[in-house]
Amino acid sequence: MSGGNSDLLELATRVAGWAQDGEQVEAYVARGRETEVRVYEGEVESLSSAESAGIGIRVVSGSRQGFAYAGSLDADVVHETLDEARDNAGFASPDEWVGLAGPDGVAPADLDLWRDDLAAYPTDVKVARALELERAVRAGDSRIRAVESAEWGDAAVESAVASSTGIRASSRRTVCYLSASAVAGSAADTQTGSGYSVGRSPDDLDLDKAAGDAVRRATRLLGAVKPHSAHLSVVFEPEITATLLAVIGGTLDGEAVLKGRSLFADRVGEEVSVGAITLVDDPTDPEAYGAARFDAEGLATRRNVLIEAGVLREFLYNSYSARRAGTVSTASAVRAGFKSAPGTGARALTVVPGQHSPEEILALVGDGLFVQSVSGVHSGVNPVSGDFSVGAEGVLIRGGELAGPVREFTIASTIQRMLSGVVAVGSDLERLPSSAAGLTLAIADVSMSGE
Amino acid sequence: MIDESVIEGVLGAALRTGGDFAEVFAEDRRGSAARLDDGRVEDLASGRDRGAGIRVVVGETTGFAHTSDLSEPGLRAAAEAAAAAARRGGGGVRTVALSRVNAPPPNDVAVLPETVAKAEKVALLRRADEAARATGGAIRQVSAVYGDSRRRILVANSEGVLATDDQVKTRFAVSCVASGDAGLQTGRESVGATVGFELFDRVLVEELARSAASRAITKLSARPAPSGSLPVVIKQGSGGVLFHEACGHGLEADHIAKDVSVFRGKVGQMVASPLVTLVDDGTMGPEWGSLAIDDEGHPAGRNVLIENGVLTEYMWDWLRARQEGRLGTGNGRRESYQHLPMVRMTNTYVLAGTSDPDEIVRQTPHGVYVAQLGGGQVNTATGDFVFGMTEAYLIEDGHITEPLRDANLIGNGPDVLRNIDAVAADFAMGMPGTCGKQGQGVPVGDGQPTLRVSALTVGGTAR
């Protein structure tokens, strides 16, 4: 299962073996290969292909942690990086809970996230698929005026982590995608929409869906006006729900809780949402985009139930925050590549699907706002205070049907109020290239700011 | 980093199958970062990353490959991969003669960060932590981050350009959490410049820390922001991001070429209030977005984009300038050697006007006063953009009164530019920013005088 990257595990194990007395050493080694094809107006605009590799080393010595990385696996560079991490450790504050993960006996899920057929997929065919996508978007509707971008992308990533505390883990995964951004309308009434399809193998990709979504999203907004301000119920498209879940996942980081930076601190066992909401982070689900056998510290991933029928059950921990909180790691260590030491985060959040189709949810809401895109999540959502304010585009709902398109407005509430205000959970679970899956979700009493 | 003779050979290899243009971009980046959180210096991280990206252009097609192997065989392999990616037949041997581009550095670096003891960097964090906590008992958490980077680049292309730059940047940020009856609130302050450790000769980390802490404490009594359209006064140096989003991205030539900018075809036309003159300036001394050369080897420039309300110029990189048969403006940038360059801003700012900033507030009967803005986002095709306010107050009867909770503001670029009805004689640059575009982040600066937009939609929840 972890076949092709035994050299990475060997290297990581060798580095871990260089730990001196009284010292813990962890090496994370990663190697990636990627291709990206962009086409524009029937021509290849750019074709990039690249391989990269690097190592990140953590040293814990005398209750202090140091980290260093290098974008190279050359022997001399690896030695220098270890020396640098060692030296860096000397400047950290002693912290009794600092330490590497150790084996905890949990067996990794039987996941195979690698597809050989992607590696064998010819570049010419990738180009042809991107061109086909562009044509499909153009042909999708006479009101499509331009295709801003049509893209094929793929990546194959292998990684290994080993530590002097006994961790040995390696994994590899492939991913590929098709994505397009469409421009509809005239100069006086321009609207945009994007669509994509993501999979592990070229066979997983649905080109028609990617094209269709881009066309539908762009054309649906034609003639959109700025709405009058109102307080109303909103219905989120699956992608918007996934964005909200990713924000909520961040507030459930055990380290943020320990450090007084989470609005959910001290609320385990309390009702934080309605009974229809059960929120799970499950990287062992083979269908999840963020599926993984191991976390960034090499512990086997597991299914964590964060909110159960509206009641807050637990937080996400890596080995540091778990030790400090007096609990065990939930195997939620994550890294942004080899250049960073492990933090904590969700990989595969999902709300357990409800009973209603999207159409039933519109009917249930009656009058409100259907939201198809949001912007400014990084600038308008404060995960510490819970304030939530984002730019949005969508369609007003009247009498249970989609009515007039609207744009240039914000929707605002707080994370706490939105969780309590859920009125319907969709049955339409959709896997998205994100740390969260989406489904249609209706939330009452949100502020819409417009004219 | 690489010998000239090797570069010439690699460019030759890149053009062997008949490319129109080839480029080698080599980069050697070192950086260190130290983070204090929860009263502890959590870790000191340092790293090095180097490699080269090779671009071959044939007709309208760009082939690109990158490698972390800077040896001659490594570079030749990448050159061949890029040429194969551009995939055209033809042939013939072309030789390239390089001539060095000399561009003055935007400023001199006095103290290279790598020469400063790690203990000295860590000491800054402790000073900031103490100062923030001393600001008030409501401060429950403090985190502080120090970071430096040194990025040495070499760019050479088949047009004979050979240029190098040595870009040193240093930054420091403090974030605080305050706790009160109404829950938690946050305050942040940061500083960054294209300088070395001498940054801390002019910046007192204690002051940054106190400012971040005060912001969090002030917001404890904040009420929900209004919901709807209001006049908004933006304090000098707090909201250059407004222009970055309202029109900066829309003035990038790639968006213009692809007909996804509301500013397409508008050069020579009035696109803003006559009070607005907007400049993008990569030569601006030690500012965060400054550079000697861009990532295509062209000297940075000072480009006036809007003059007294009239659109005068877009920003250009090599590729888009070539398509239009004109010169670039020094705005071709990339995140690293692993990325293709594209049109990017540097330091983007609005020049000072003539009004008295206090008078602007006095003449605003009811509105919002923004003292600090966070990030933003724009859809260049529609012109709709958002930006977040992280310190704001209500204006009532011409006076700044109660603090407001965080919210986004939303507007449409061309409308907002026309609705700027007062620009003050003050001016300040804002906090260092990282601009994201198509997955690439680059350091950018922004700045502006105190100004008023007669109507902007404030995305709060107040009824």
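Author: Start with a definition. Strands are DSSP runs of E with at least two residues, helices are runs of H or I with at least four, and both are numbered from the N terminus. The model shown here is predicted.

Now the close look. Gln438(B) sits in the loop between β21 (433–437) and β22 (440–448) of chain B. Its phi is near 45 degrees, which is positive, and the residue is not glycine. Most residues other than glycine have a negative phi.

Chain B has another case to set beside it. Asp259(B) also has a positive phi, near 60 degrees, and is not glycine. It lies in the loop between α7 (253–257) and β9 (278–281) of chain B. With 15 other C-beta atoms within 10 Å, Asp259(B) is partly exposed.

Next, a helix of chain B. Helix α1 of chain B covers residues 4–15, twelve residues in total. At 1.5 Å a residue it should span 16 Å, and its end C-alpha atoms are 17 Å apart, so the two values agree. Which residues of α1(B) are buried? They are Ile7(B), Val10(B), Leu11(B), Ala13(B), Ala14(B) and Leu15(B). An α-helix has 3.6 residues a turn, so residues three or four places apart point the same way. The cover over the buried residues of α1(B) includes β1 (21–37), β2, α2 (72–86) and β5 (139–157) of chain B.

Strand β2 of chain B also takes us across to chain A. One bridge joins Tyr69(A) to Gly47(B).

Now take the whole contact between the chains. On chain A, 60 residues touch 64 residues of chain B. Strand β2 (residues 43–61) of chain A gives the most to chain A's side, with ten residues. By class, that side has 18 nonpolar, 30 polar and twelve charged residues.

Chain A has a contact inside it as well. The chain divides into domain 1 (3–220) and domain 2 (224–451). Their centres, taken over C-alpha atoms, are 23 Å apart. Each domain of chain A brings 30 residues to the contact. On the domain 1 side, β1 (23–40), β2, β3, β4 (144–163), β5 (168–186), β6 (189–199) and α5 (207–220) of chain A each supply at least two residues. The largest share comes from β2(A), with four residues. The domain 1 side has 20 nonpolar, six polar and four charged residues.

Last, a sheet in chain A. Four strands form an open, antiparallel sheet in the order β10-β9-β8-β13. Why do β10 (311–312) and β13 (349–351) of chain A stand at the edges? Each has a single partner strand, so one side of each has no neighbour in the sheet. The partner of β13(A) is β8 (residues 279–281) of chain A, through three antiparallel bridges. There, Asp281(A) stands opposite Leu349(A).

Definitions and conventions. Residues are numbered from 1 along each chain as its sequence is written. Chains are lettered from A and ligands numbered from 1 in the order in which they are written. This is a predicted model: local features need pLDDT of at least 70, side-chain atom pairs count only at pLDDT 80 or more; totals for chains, interfaces and linings use all residues. Two residues are in contact if their C-beta atoms, placed from the backbone, lie within 7 Å. Ala, Val, Leu, Ile, Met, Phe, Trp, Tyr, Cys and Pro count as nonpolar, Asp, Glu, Lys and Arg as charged, and the others, Gly among them, as polar. Two strands pair if DSSP finds at least two bridges between them. Domain bounds come from an automatic or database domain assignment. The expected span of a helix is 1.5 Å times one less than its number of residues. A residue is buried if 20 or more other C-beta atoms lie within 10 Å of its own, exposed if 12 or fewer, and partly exposed in between; C-beta atoms are placed from the backbone.
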